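Reader: I am new to this one. Please show me the sequence and the model, then take my questions.

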Amino acid sequence: MKNKKIRFLVVSDSHGDREILEKLRAKYQGKVDGMFHCGDSELAPDDELFTDFQVVMGNCDYDPRFKELILTEYGSERVLLTHGHLYGVNNGMERLGFLAASKQATIVLFGHTHLLGAEYRKKCLFLNPGSISFQRGEYSSIGGTYAVLEVTPEVFKLQFYARTFKAIPELAFTFKRN
């Protein structure tokens with residue numbers, strides 16, 4: 001991945017709101033290297049939307065055809081996608097951190113809490129895009145969020161967006177890689 005930028009669209013917890021996923025696909029298809037849905041879509045796993053999104057099972061997705069986690073590689077990046085409920089993310093990041101280490105992930109994408117957030121630790125970026133449909137916490141007035149992540153060998157550049165596709169200026173972050 002030398003000097004190459006990789007871009008990802010990350011969304012979670014759409015809870016049956018298929019229309020917003022269609023809009024995101026239309027806006028970002030061909031402009032990002034990967035589109036990820038962190039679970040609780042409440043859609044069928046064979047929905048045609050998911051030919052473009054990688055998607056995992058959330059606690060509100062009951063079809064056993066959903067995977068609990070997906071590990072995929074983009075160049076030298078190892079991206080781990082999971083919903084988070086099976087790893088107790090409501091009570092901390094320890095179990096998810098152990099999973100990331102065991103899979104040698106450089107990026108972990110998860111949802112479940114409906115709270116957006118990101119942190120870089122132990123050479124791994126942990127990213128929760130919040131809920132595109134039912135945001136909670138400090139940013140609940142936004143009405144839903146998603147994230148676009150740009151990855152280079154030197155940094156992770158992260159921008160959170162409102163479901164109206166407007167960047168949220170105070171929610172732009174750069175994490176220098178060590």
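Reader: Which residues touch the most other members of the largest nonpolar core?

Author: This is a predicted model: local features need pLDDT of at least 70, side-chain atom pairs count only at pLDDT 80 or more, and totals for chains, interfaces and linings use all residues. Residues are numbered from 1 along each chain as its sequence is written, and side-chain values use heavy atoms, without hydrogens and water. A nonpolar core is a set of buried Ala, Val, Leu, Ile, Met, Phe, Trp, Tyr and Cys residues joined through side-chain atoms within 4.5 Å; buried means under 20% relative accessible area with a 1.4 Å probe, protein chains only. Of the 27 members here, those touching the most others are Phe8, Ile107, Leu109, Leu127, Leu149 and Phe156.

Reader: Which element gives the largest share of this core?

Author: Strands here are DSSP runs of E, at least two residues, numbered from the N terminus. Those giving two or more residues to the core include S1 (6–11), S9 (145–151) and S10 (155–162). The largest share is 4 residues, and it comes from S10.

Reader: Leaving aside neighbours within four places in sequence, what is Leu149 in contact with?

Author: Contact means heavy atoms within 4.5 Å. With those neighbours left aside, Leu149 is in contact with Ile6, Arg7, Phe8, Ile107, Leu125, Leu127, Phe156, Lys157 and Leu158.

Technical notes:
Buried < 20%, exposed > 50% of the residue type's maximum accessible area, 1.4 Å probe, protein only.
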